[in-house]
Amino acid sequence: MNIELAEEIVITVISEALEDLEDKAEVSDEMQLIGGESLLDSMKLVEVCLALEDLADEHGFEFDWTSEAAMSKSRSMFRSVASLAEEFANQSRA
Amino acid sequence: MIIVTGASRGLGKAITERLTERGERVIGLARSTDALDIEGIECDVSNYLSVKKAARSVKKIGEPVEAFINVAGVASMNMAVTTDESTVQKLIQTNLVGTIYCCQLFAPIMLRQKYGSFINFSTIAVALALKGESVYAASKAGVEAFSRTFAREMADFNVRVNCIAPGPIRTDLLRGITDAQIEKIISQQVIQKQFKKSDVCDLVELLIDNRSSSLSGQTLNIGGV
């Protein structure tokens with residue numbers, strides 16, 4: 001999977017997760033997924049991961065959001081939409 | 001479907017028998033499935049990749065997991081000063097880390113279905129601070145602390161997490177414990193009698209049942225403390 005498709009998938013999933021928000025937010029590459037600036041609470045973040053797991057299945061790979069390789073980098077894959085999309089694309093090629 | 005670790009003997013075996021009798025599909029996780037009388041998946045709970053592989057196998061079955069019961073455990077009754085390093089490591093790795101691995105790696109299945117019940121196993125030795133069980137009690141105190149917090153993390157997804165803390169019940173884990181020692185422990189319980197495996201099974205049934213939907217993050221000490 002190329003990075004463009006991964007980004008499209010991740011942005012769609014996050015947009016759906018944020019649909020209930022009163023103040024609609026535009027999902028950008030730089031949007032933070034964890035920390036004080038994140039619009040996603042922990043429950044929404046889990047729902048995003050589960051949705052990505054399903055979509056990975058459809059694309060014939062396993063998305064491992066608990067992997068040490070993904071989590072132990074100097075910064076988490078959840079630091080932004082772009083980093084999550086990058087990890088999603090990387091795992092599709094592993 | 002209900003998953004039970006440590007299903008090949010002792011409490012785990014008794015629990016799987018009880019659940020099977022009532023018609024549940026029970027899958028046992030054990031280091032070797034040879035000793036299992038039920039459907040089984042090989043899994044060493046102290047090994048992250050092994051648990052991950054087992055979780056993947058269960059997910060592939062594609063059936064809801066109503067409960068995950070973490071019974072696998074080891075015991076060693078020694079004073080802390082006479083407990084060797086490898087025993088300390090084994091107690092913490094199997095009892096505490098193994099429980100954490102199973103909970104975190106099987107949780108996504110329950111998060112997805114938005115219901116389920118984790119039942120972890122502690123010991124009455126935690127609440128009673130029993131002499132000669134310091135490292136074992138520490139590993140199980142960790143299980144209780146983990147379970148309380150994990151219960152909060154799971155609550156929004158309608159997944160409950162509780163602990164059962166048995167007193168001295170006759171299983172292999174009590175090898176080498178004298179009747180006098182058992183009597184001494186029992187004398188510290190609120191209900192001063194020796195409970196049986198069947199009493200533990202009764203509590204497991206209760207915690208799986210929807211009638212206990214108000215219970216999460218709790219440790220049920222058998223016999224009371």
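A word on conventions. Residues are numbered from 1 along each chain as its sequence is written, and chains are lettered from A, with ligands numbered from 1, in the order in which they are written. Because this is a predicted model, local features need pLDDT of at least 70 and side-chain atom pairs count only at pLDDT 80 or more, while totals for chains, interfaces and linings use all residues.

I begin with chain A. Its secondary structure comprises four helices and zero strands, where helices (H or I, at least four residues) and strands (E, at least two) are DSSP runs numbered from the N terminus. The order from the N terminus is α-α-α-α. Of the 94 residues of chain A, 22% count as buried. A residue is called buried if 20 or more other C-beta atoms lie within 10 Å of its own, exposed if 12 or fewer, and partly exposed in between, with C-beta atoms placed from the backbone. Among contacts in chain A with a separation of 6 or more, 69% join residues 24 or more positions apart. A contact here requires that the C-beta atoms of two residues, placed from the backbone, lie within 7 Å.

How many residues does each chain bring to the contact between them? Chain A gives four residues and chain B gives six residues. On the chain A side, three are nonpolar, one is polar and none is charged. In this classification Ala, Val, Leu, Ile, Met, Phe, Trp, Tyr, Cys and Pro are nonpolar, Asp, Glu, Lys and Arg are charged, and the others, Gly among them, are polar.

I turn now to the strands of chain B. Strand β1 (residues 2-5) pairs with β2(B) in the parallel sense over four bridges, and β1(B) also pairs with β4(B) in the parallel sense over four bridges; pairing requires that DSSP finds at least two bridges between the strands. B:Thr5 takes part in both pairings: its bridge partner in β2(B) is B:Leu29, and its bridge partner in β4(B) is B:Asn70. From β4(B), a parallel pairing over four bridges leads on to β5(B), where B:Asn120 stands opposite B:Asn70.

Why is β2(B) described as largely enclosed by the rest of the structure? The reason is that five of the five residues of this strand, residues 26-30, are buried. B:Val26, B:Gly28 and B:Ala30 lie on one side, with B:Ile27 and B:Leu29 on the other, so that both faces are covered. Strand β4(B), residues 67-70, is likewise covered on both faces: B:Ala67 and B:Ile69 are buried on one side, and B:Phe68 and B:Asn70 on the other.

Next, the helices. Helix α1(B), residues 10-21, has 12 residues and should span 16 Å at 1.5 Å a residue; its end C-alpha atoms are 17 Å apart, which agrees. The expected span is 1.5 Å times one less than the number of residues. Its buried residues include B:Leu11, B:Ile15 and B:Leu19, and what covers the buried set includes β1, β2, β4 and α7 (197-208) of chain B. After α1(B) comes B:Gly23, with a positive phi near 90°.

The largest nonpolar core has 69 residues, of which B:Ile3, B:Ile69 and B:Phe106 touch the most other members. Of the elements, α3(B) gives the most to this core, with 12 residues. A nonpolar core is a set of buried Ala, Val, Leu, Ile, Met, Phe, Trp, Tyr and Cys residues joined through C-beta atoms within 7 Å. Leaving aside neighbours within four places in sequence, B:Phe106 is in contact with B:Ile3, B:Ala55, B:Val65 and B:Phe68. Another core of 17 residues lies apart, including A:Leu52, A:Phe63, A:Val81 and A:Ala85.

B:Asn158, in the loop between α5 (134-155) and β6 (159-165) of chain B, has a positive phi near 65° and is partly exposed, with 15 other C-beta atoms within 10 Å.
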